[in-house]
Each structure stands twice: as structure tokens, then as C-alpha cells.
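Here is a brisk report on one model.

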Amino acid sequence: AKNAGRDTIRFFNPEMQATIDARAAMEAALRDAIRRRELQLYYQPQVNRDGRITGAEALLRWLPPSLEPIPPDRFIPVAEETGLILPIGAWALAQGCARLAGWQKEPATADLTLSLNVSARQFHQPDFVAQVWGQIKRFEIDPAKLKLELTESALIDRVDEMIERLHRLKGLGVGISLDDFGTGYSSLSYLKRLPLDEIKIDQSFVRDITHDQNDAAIVRAILAMSRSLGLDVIAEGVETQEQRAFLLRHGCEHYQGYLFGRPGPIEDFPAPLAGHGVQ
Ligand code: C2E
Ligand code: CA
Ligand code: CA
Ligand code: CA
């Protein structure tokens, strides 16, 4: 291929082979990780305007023994492609419901909500609603405290069927949150059709909110729009008091970000005792 002329189409090169090998290796390692129970959910606090903890988002980590935790962006794409996200997602759903059951036993934590990320592939399984209901019953949890986070990518194919599925999920009593809001292509008329409870302002807008006029305008518009649609809003990626002050000023109700706490194992989750806030 070295001397391939300008008009020659090169179907294959060593770099492509290396990519395929790396993927295959990652898939094999991930299968082992599942078997060895090296996946864990980390919990990141979500707080209200006063900084008081109202719940958590569960975030997957892969913790190989004696290595640094592997972040989800490095293995979830492979899990999605290979279908491994289905057993992983089912495990996370059960794990999250077990956590809620634990919280609901103690008065101090009984009101906490738990947000779980649901991948498009997981949501598209025909029996997804039945799976959610099965875990709610199994752990006897209050479904109102469970929030399922979906991205627009889960809702662009077979739109009517997926909207119907969202209605059935809501019928179980669980909350629906639209993740990464603002990064997709949803029109307002489409949004209005979705039975949502909450939208999450993507961290890419929050990051520069205090010095980028466009991002500031987008965030103000999202907050105003959610108010008029009667949706809850949570801002993600809040790292500074300046970002928090801007969001507070424009009416944002809920916050998540390093300013309030990083994702960590459940043992490190700050205890929301009465009156106790993060900041
Ligand atoms: P996401 O759902 O948008 O999650 C928010 C990400 O932002 C998390 O990254 C979180 O650790 C990070 N984050 C939180 N606060 C801050 C902050 O103040 N600053 C910055 N720079 N980042 C912050 P993480 O944990 O690496 O997860 C990445 C993505 O992996 C998630 O994005 C989600 O799409 C996916 N993911 C995580 N857990 C699961 C899961 O259980 N199932 C599925 N399907 N996807 C998951
Ligand atoms: Ca999320
Ligand atoms: Ca997000
Ligand atoms: Ca994201």
C-alpha cells in the first residue's frame, strides 16, 4: 500500500487492523469484567437551590483490581456495539433499585431520588418496561423516586412507539429525564410530545456560562422554556460558585457537578442528615 497512487482506494491498512484488535480485546476484557463483578455504580449527589442533597445519579465504573477505574466513555461504546450493554444495563437497574430500597428504609434518606442512565439499545428492548416493573416489585421501592435518564438518540427511531413506551413507563410511576439536553436536534414541537418530567442541561453549556454570551443565552432560554412547559431542570457539570450563581439567578432548581460532589462509591456518599447540605 506504500506506493498506492492517488486514485487507488485502500481498503485496509495496519492502523485499521490495530483498531479492530483493540476493540476485540476490549470486548473480551469487558466480558471477563462482568463475570468477575468488576463493574460498580458510583453515586454523584444532586442538590437543590440551597445545596441540600435531593438524590444521586448512578454512574458506571469499571474497577479492575489494582488498576485505575476505567471511565464509562472508554467501554460503554464497545458495550453498545456488542450488545453487552443489555446485561450491564439490567444489572445496573437491579443495583440501582436495591440502593433505593436501602435508602427508603431510613427516614433520613427516604426521600432521595436515584437517576439511572438508560442506553438507547436498552430502551429499545421490547420488554424494557416489564424489566423496570419487575425490579420495582422485586425491591418494593417507591417508583416515584426512580428517574430514568434517556438521551434523544433513544427517541429518534420509531418515534410513536417510543413515545408510547415512555407513557407506559410513566404509568409505572417512574420519572423520565432527558439527558444532555441541547446537544441534539429536537424541535420544540417534538419535545412537547414527549412525556418528560425533567431535562438535564448539558455540561457543555454550563462550562462557559459565565464568559460565553451564546452559552449564557442558550441556558437562559432552556430555563425559560422548561418553566413554560412545566418541566424540572437540572444543570450538570456545575464546577464553580460563579456558574452556580448564574444558574440560581435564572431560576435553575437542581444542580449536579464537582462543586457539590464527585461521583464515588456508595460508602463515600455524603449522608443527607436533616438540614445537612453539601455546601
Ligand atoms: P452523563 O450521563 O452525561 O453523565 C455525566 C458525566 O459528567 C459523568 O461522567 C460525570 O462523572 C461527569 N461529571 C459530573 N459532574 C461533573 C463536573 O462538574 N465536571 C465535569 N467535567 N464532569 C462532571 P462519567 O461518569 O465519566 O460518565 C460518562 C457517560 O457514560 C455518562 O454521561 C453516560 O452517558 C455514560 N454512563 C455512565 N453510567 C452509565 C450507565 O449506567 N448506563 C449507561 N447506558 N450509560 C452510562
Ligand atoms: Ca446522565
Ligand atoms: Ca448528561
Ligand atoms: Ca454526556
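Asp-180 counts as partly exposed, at 26% relative accessibility. Buried means under 20% relative accessible area, exposed over 50%, and partly exposed in between (1.4 Å probe, protein chains only). Asp-180 sits in strand S5. Its phi is positive, about 55 degrees, although Asp-180 is not a glycine. Most residues other than glycine have a negative phi.

Arg-158 also has a positive phi, near 40 degrees, and is not a glycine. Arg-158 lies in the loop between strand S4 (146–150) and helix H6 (159–172). Its relative accessible area is 47%, so Arg-158 is partly exposed. Helices (H or I, at least four residues) and strands (E, at least two) are DSSP runs, numbered from the N terminus.

## Basis of the model

This is a predicted model: local features need pLDDT of at least 70, side-chain atom pairs count only at pLDDT 80 or more, and totals for chains, interfaces and linings use all residues. Residues are numbered from 1 along each chain as its sequence is written, chains are lettered from A and ligands numbered from 1 in the order in which they are written, and side-chain values use heavy atoms, with hydrogens and water left out.

## Calcium sites

Four protein residues donate to the calcium ion (ligand 2): Glu-57 (OE), Asn-117 (OD1), Glu-149 (OE) and Asp-179 (OD), at 2.1 to 2.3 Å. Donors are N, O and S atoms within 2.8 Å of the metal (3.2 Å for Na, K and Ca); water is not among the atoms, so sites may look incomplete. Along the chain the donor spacing is E-x59-N-x31-E-x29-D. Asn-117 in strand S3 (residues 113–117) and Asp-179 in strand S5 (residues 175–181) are 62 residues apart, so distant parts of the chain are linked.

The calcium ion (ligand 3) is 4.0 Å from the calcium ion (ligand 2), and Asp-179 coordinates both. Asp-179 is buried at 8% relative accessibility. Asn-117 is partly exposed at 35%.

## Ligand 1

Polar contacts are pairs of N or O atoms within 3.5 Å. A side-chain N or O atom of Glu-239 lies 2.4 Å from a nitrogen atom of ligand 1. For a polar side-chain atom of Gln-44, the distance to a ligand 1 nitrogen atom is 3.0 Å.

Notes. Polar contact = N/O pair within 3.5 Å; in protein donor to acceptor, adjacent residues only side chain to side chain.
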